[in-house]
There are 2 protein chains.
Amino acid sequence: MKPLDFRVPGFLFSGIPTWVKKDGRRDLGLIYSEVPASVAGLFTSNKIKAAPVQLSMERLRGGLCRAVIVNSGNANACTGGPGLKDAREVTSLIAEGLAIDERLVFPASTGVIGVPLPVKKIREGIPGLIDHLSPEGWMRTVEAIMTTDTFPKVEVKTCRIKGKQVKLCGMVKGAGMIRPDLATMLSFLVTDADISASLLQRMLGKAAEASFNRITVDGETSTNDTVLLLANGRAGHSCLNRMDRDGEIFQSVLLKVCQNLAGSLVKDGEGATKVVEIEVRGGRNPEDAKKAAYAIAHSPLVKTAFFGEDANWGRIVCALGYSGAQVNPDRIDVFFDKSPIVKNGVGLGGRSEERAGQVLKKKSFKVTVDLHLGKSRFSVLTTDLSIDYVKINASYRS
Amino acid sequence: MKPLDFRVPGFLFSGIPTWVKKDGRRDLGLIYSEVPASVAGLFTSNKIKAAPVQLSMERLRGGLCRAVIVNSGNANACTGGPGLKDAREVTSLIAEGLAIDERLVFPASTGVIGVPLPVKKIREGIPGLIDHLSPEGWMRTVEAIMTTDTFPKVEVKTCRIKGKQVKLCGMVKGAGMIRPDLATMLSFLVTDADISASLLQRMLGKAAEASFNRITVDGETSTNDTVLLLANGRAGHSCLNRMDRDGEIFQSVLLKVCQNLAGSLVKDGEGATKVVEIEVRGGRNPEDAKKAAYAIAHSPLVKTAFFGEDANWGRIVCALGYSGAQVNPDRIDVFFDKSPIVKNGVGLGGRSEERAGQVLKKKSFKVTVDLHLGKSRFSVLTTDLSIDYVKINASYRS
């Protein structure tokens with residue numbers, strides 16, 4: 001298989017170790033656009049927002065970005081006024097080094113909460129970080145954003161817009177605290193398409209709604225979640241500023257890239273051994289379908305049963321009962337992949353249970369619930385809850 | 001220490017093994033009142049209610065009870081019409097054996113969901129169960145209701161009402177699926193006090209609100225939760241039917257018994273190694289204080305950090321941020337026992353962190369959060385999330 005080509009015209013990438021992460025892995029990354037790029041952004045819905053999130057939200061209003069500076073190993077969250085000053089200082093150093101406007105530099109951080117950002121280490125790293133900028137540097141930036149991730153998560157697609165070839169590359173890091181309204185995630189996407197900032201924002205929101213907002217690992221929402229999409233226009237087509245046919249083409253590519261990145265986030269959920277799609281159908285209304293799906297997707301008992309490969313459908317029905325959604329106990333059907341296991345609220349037992357047990361042995365499967373109360377459906381990707389999830393998170397800071 | 005005396009005038013108890021539980025431990029229990037007793041009951045808020053819950057709820061309307069028949073090893077939940085028929089049959093066999101009105105027999109079940117109740121085993125056990133009824137049988141009934149519980153959870157208190165000595169004995173089983181609005185729990189309380197059914201119901205509701213409804217282990221709400229309180233009047237005082245001074249005396253004893261039982265439930269939460277009280281103060285309103293407390297109490301990341309004895313307060317602040325409660329990030333204070341660790345939203349670090357680390361080594365401690373936005377407070381007992389929680393629940397049915 002040919003290695004993927006992550007070069008995007010007009011973008012340079014870099015990633016180096018500065019020992020903010022204690023193990024010497026890369027922890028400082030830089031994305032640089034040779035020209036000011038349109039930028040769209042999505043940020044955590046948590047009311048406690050990390051300093052870099054606050055700063056990036058403020059700068060997003062300008063609609064333009066030339067550089068993204070990101071570190072892992074320290075979230076710069078719950079660090080008060082000094083944290084905000086630190087985040088500003090880092091972007092100012094980058095702006096100086098690249099000779100660009102500081103307001104076009106967007107910061108992001110991920111890692112431990114509540115510890116002052118080790119600005120000295122970052123400051124010392126910045127000259128080398130800038131020196132190493134390269135069109136081929138993508139994977140080094142990807143490495144620099146990883147924390148408990150066990151593999152790099154990247155995606156690349158191309159399409160044609162107004163006769164020009166356009167490329168879109170995306171990276172994402174998880175891997176815990178993944179839930180709707182953004183996961184504990186950083187995701188950076190760059191494209192050489194030419195798209196107005198306002199259209200880009202609409203496109204990103206729409207794509208995230210059906211990707212990053214449809215996954216959950218542990219129901220947590222972090223302080224640092226950030227998605228940034230930069231479009232520098234180097235592809236050379238005329239600027240897209242409304243959702244026409246070309247807009248739809250880019251939208252569908254963006255959706256696909258975000259969905260693939262979201263899928264890999266779940267696959268790499270902390271300690272996850274299974275990726276499970278939960279689909280609820282027949283909800284009385286969309287809100288009910290969503291509540292029911294998330295109650296199942298977040299239930300520790302359901303998730304430990306997945307880990308144990310135990311077709312314990314009673315826990316699924318139980319979660320439906322406390323989800324807050326309207327349910328009729330006598331009308332619930334449950335399927336593991338295509339095998340029915342519950343019909344009209346009663347377990348089918350015997351062979352059905354055996355077949356369901358086989359499904360659970362798979363790395364990836366689907367649980368479908370039909371409430372038979374309406375036409376609404378909602379689906380969400382979740383993981384099992386494993387012994388390793390506990391191990392990873394019990395000792396995260398040490 | 002003198003062994004506790006669980007005899008209550010007019011009550012007989014029994015508990016035997018019938019091999020519904022696969023390991024030969026006791027799994028069928030019976031509580032019998034020689035005279036019709038006033039009865040109060042609380043049941044799961046889950047919309048999927050087990051067959052015995054449905055039946056007991058129906059019979060509670062009569063306000064009188066003479067027998068409680070309970071089995072462990074099978075929840076008789078999600079078993080449809082046949083399940084309800086099975087529950088009725090069991091109560092009918094008990095009524096026949098004791099020569100009492102079937103409508104005064106209340107069933108309860110706990111165990112695996114979705115498997116037909118093994119009525120044959122229970123039917124065969126009933127004559128022996130009745131034969132073994134004894135004033136000294138309390139602990140055998142207690143054993144019969146245990147599932148993943150690692151120790152029996154009982155409480156006994158006495159008080160004087162209108163010059164007569166009155167006794168109250170309670171038992172409870174957990175140990176997973178413990179959350180407010182009742183835990184996955186069965187609790188049976190018996191007293192020789194003479195109290196009208198309607199007053200008894202009010203008293204039980206009030207006591208549960210400040211005990212069973214203030215604990216959480218994993219945020220689940222089961223299909224079978226049942227609390228029954230029987231008062232047979234054998235103490236010989238005149239009947240209490242309003243909340244006068246004597247009523248208050250009994251209420252406070254009942255509260256104490258329920259709180260102690262609730263505390264032991266959390267202590268025996270599945271896999272729990274720590275019992276942690278989460279208190280949120282300074283909430284803008286009671287609803288906010290409650291939301292904030294439960295967000296912390298249910299957060300898998302907070303709970304794994306407790307297990308790892310890691311003073312990772314960032315996760316606590318993060319949970320506050322997504323709790324839905326109004327918070328001002330710059331005004332949050334956090335204490336571990338009496339040691340401050342966060343002041344005005346910023347970690348105190350250094351010695352404070354060390355002291356907090358010491359608190360976390362304890363088996364039992366308190367986390368206090370002050371939001372500084374109002375006067376509302378709410379507190380809840382929770383546990384850590386351990387490797388054993390996952391082990392226990394991954395293999396529960398096998």
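In this predicted model, helices H1(A) and H2(A) cross in a right-handed sense. Helix H1 of chain A spans residues 51-60 and helix H2 of chain A residues 80-98; the two pack at an angle of about 60 degrees, and their axes lie 8 Å apart. At that angle H1(A) is therefore oblique to H2(A). On the H1(A) side, the meeting is made by A:Ala51, A:Pro52, A:Gln54 and A:Leu55, which face A:Gly83, A:Leu84, A:Asp86, A:Ala87, A:Arg88 and A:Thr91 of H2(A). Sorted by class, this contact comprises 5 nonpolar, 3 polar and 2 charged residues.

Turning to the pair of chains, two copies of a chain are in general related by a rotation about an axis and a shift along it. Here, chain B is superposed on chain A by a rotation of 180 degrees with 0.0 Å of shift along the axis, at an RMSD of 0.0 Å. The two copies are thus related as by a two-fold rotation axis. Within chain B, the C-alpha nearest this axis belongs to B:Ile387, at 2.7 Å from it. Both copies use the same surface, since 96% of the contact residues of chain B recur in chain A.

The contact between the chains draws 52 residues from chain B and 50 residues from chain A. On the side of chain B that touches chain A, at least two residues each come from helix H8 (300-307), helix H9 (313-322), strand S12 (346-347) and helix H11 (387-394) of chain B. H9(B) gives the most to this side, with 8 residues. By class, the chain B side holds 22 nonpolar, 22 polar and 8 charged residues.

Conventions:
Residues are numbered from 1 along each chain as its sequence is written. Chains are lettered from A and ligands numbered from 1 in the order in which they are written. This is a predicted model: local features need pLDDT of at least 70, side-chain atom pairs count only at pLDDT 80 or more; totals for chains, interfaces and linings use all residues. Copies are superposed by least squares on the C-alpha atoms of residues with pLDDT of at least 70 in both. Two residues are in contact if their C-beta atoms, placed from the backbone, lie within 7 Å. Helices (H or I, at least four residues) and strands (E, at least two) are DSSP runs, numbered from the N terminus. Ala, Val, Leu, Ile, Met, Phe, Trp, Tyr, Cys and Pro count as nonpolar, Asp, Glu, Lys and Arg as charged, and the others, Gly among them, as polar. Axes are lines fitted to C-alpha atoms, for helices over the stretch in contact, and angles run from 0 to 180 degrees between N-to-C directions. Angles under 35 degrees count as roughly parallel, over 145 as roughly antiparallel, 65 to 115 as roughly perpendicular and the rest as oblique. A crossing is left-handed if the near helix is turned anticlockwise from the far one by less than a right angle, and right-handed if clockwise.
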